[in-house]
Amino acid sequence: MSDIIVMANQKGGVGKTTTTFNLGVALADIGQRVLLVDLDPQASLTLYAVYEPDDLQTTMYQCLLRDIAPKEALLTTEHGPDLLPANLDLSLVEFHLMNAVARERRVTRILNHVRQDYDFVLLDSQPSLGLLTLNALAASDRVIIPVACEYLSLRGTAALLKLIHKVKGQLNSALTIAGILPTLFDSRTVHGRFILERLSQEFPNIHIYPHTINRSIRFAESAAERRPIFEQKIQVPGALAYRELARDLVKAADAHIGP
Ligand SMILES: Nc1ncnc2c1ncn2[C@@H]1O[C@H](COP(=O)(O)OP(=O)(O)OP(=O)(O)O)[C@@H](O)[C@H]1O
Ligand SMILES: [Mg+2]
């Protein structure tokens, strides 16, 4: 059975999409069957996967609101993982589902149709704690929290942890926090090192991944080229960190299943 992992943080620009995409490619590169799910109306993940969101007729929006089978929205990508795409229509979901029954479980229902075909399902969520993020948390086994190594990002983490706690209590008792992934880390600044230390002090019960993702302009360049970070000519430490994180996730999944 697949491992469903959501990248969540209501703070914008902390590396949720970059992590979802590159981690997905790194997992596929080591032989895992991976599904990426775009749950953000900004559709950055869909763009990364080299699709034009506005040209897509069938996306997560139709699956969530029109009961279209997810297999009809499913796309293959040239980088290995499959994709359930999004476009701006997804921003209407919160409004349309306002009074719907079991509105927090729509994504769970969709993934139940496809999860058996994959080892890992990675969900990219939007920078808010709204209904789509709630759906993503309700549908997941684990959450990875990318946190940018800067003060305001650190401050926002407590609110997210509170929501995760609520979801665990009311919607999804199986949900666990896989860990906090420090991103956009600049080892040359005192501030970056300070925040990294503060993370483990403030959240002593949460695993802080040792695979810190260093800040590098190569990430912006690979995003513009819509290519995985691993294809950059000059390899950056962040690329290696994503590969190590992928290996760790496989190990954790194997340990969970047992010999
Ligand atoms: N390690 C990194 N070093 C430098 N730039 C990075 C790094 N990771 C991501 N970026 C860049 O930072 C920007 C934000 O990253 P990304 O889109 O992954 O964040 P996000 O959390 O998904 O944002 P949003 O909340 O808007 O969905 C992008 O331009 C991306 O290319
Ligand atoms: Mg994003």
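A residue is called buried here if 20 or more other C-beta atoms lie within 10 Å of its own, exposed if 12 or fewer do, and partly exposed in between, with C-beta atoms placed from the backbone. This is a predicted model, in which local features need pLDDT of at least 70 and side-chain atom pairs count only at pLDDT 80 or more, while totals for chains, interfaces and linings use all residues. Residues are numbered from 1 along each chain as its sequence is written, and chains are lettered from A and ligands numbered from 1 in the order in which they are written.

The protein has 11 helices and 7 strands; helices (H or I, at least four residues) and strands (E, at least two) are DSSP runs, numbered from the N terminus. Its C-alpha atoms fill a box of roughly 50 × 40 × 40 Å along the principal axes. A compact globule of 259 residues would have a radius of gyration near 18 Å, and the 17 Å of the protein agrees with this; the radius is taken over C-alpha atoms, and the globule rule is 2.2 Å times the number of residues to the power 0.38. Buried residues make up 47% of the 259 residues. Two residues are in contact if their C-beta atoms, placed from the backbone, lie within 7 Å. Among contacts between residues at least 6 apart in sequence, 77% join residues at least 24 apart.

The 7 strands form an open sheet in the order 3-4-2-5-1-6-7, with mixed pairing. Its edge strands are strand 3 (75-76) and strand 7, each of which pairs on one side only. Two strands count as paired if DSSP finds at least two bridges between them. Strands of a sheet pair through backbone hydrogen bonds, either parallel or antiparallel.

Strand 1 runs parallel to strand 5, to which 5 bridges join it, and D3 stands opposite F120 of strand 5. Strand 1 also pairs with strand 6 in the parallel sense, over 3 bridges; there the bridge partner of M7 is I144. Because 5 of the 5 residues of strand 1 are buried, this strand is largely enclosed by the rest of the structure. D3, I5 and M7 point one way from the strand, I4 and V6 the other way, and all are buried.

Further along the sheet, strand 6 (residues 142-148) and strand 7 (residues 176-183) pair in the parallel sense over 7 bridges, with R142 opposite T176. Together with helix 8, these strands make a right-handed β-α-β unit; a crossover is right-handed if, with the strands pointing away from the viewer, the path from the first strand over the helix to the second runs clockwise. Helix 8 (residues 151-170) contains Y151, which is exposed because 12 other C-beta atoms lie within 10 Å. Y151 and G192 are 41 residues apart in sequence and 8.9 Å apart in space, C-alpha to C-alpha.

Two further helices show how helical residues are enclosed. In helix 6 (residues 106-114), R106, V107, I110, L111 and V114 are buried. Seen down the axis of helix 6, these buried residues fall within an arc of 120°, so they line one face of the helix; the arc is that of the directions from the helix axis to the C-beta atoms. An α-helix has 3.6 residues a turn, so residues three or four places apart point the same way. The cover over the buried residues of helix 6 includes strand 1 (3-7), strand 2 (34-39), helix 3 (60-66), helix 4 (70-73), strand 5 (120-125) and helix 7 (131-139).

Leaving aside neighbours within four places in sequence, L137 is in contact with V6, A8, V143, I164, V167, N172 and L175.
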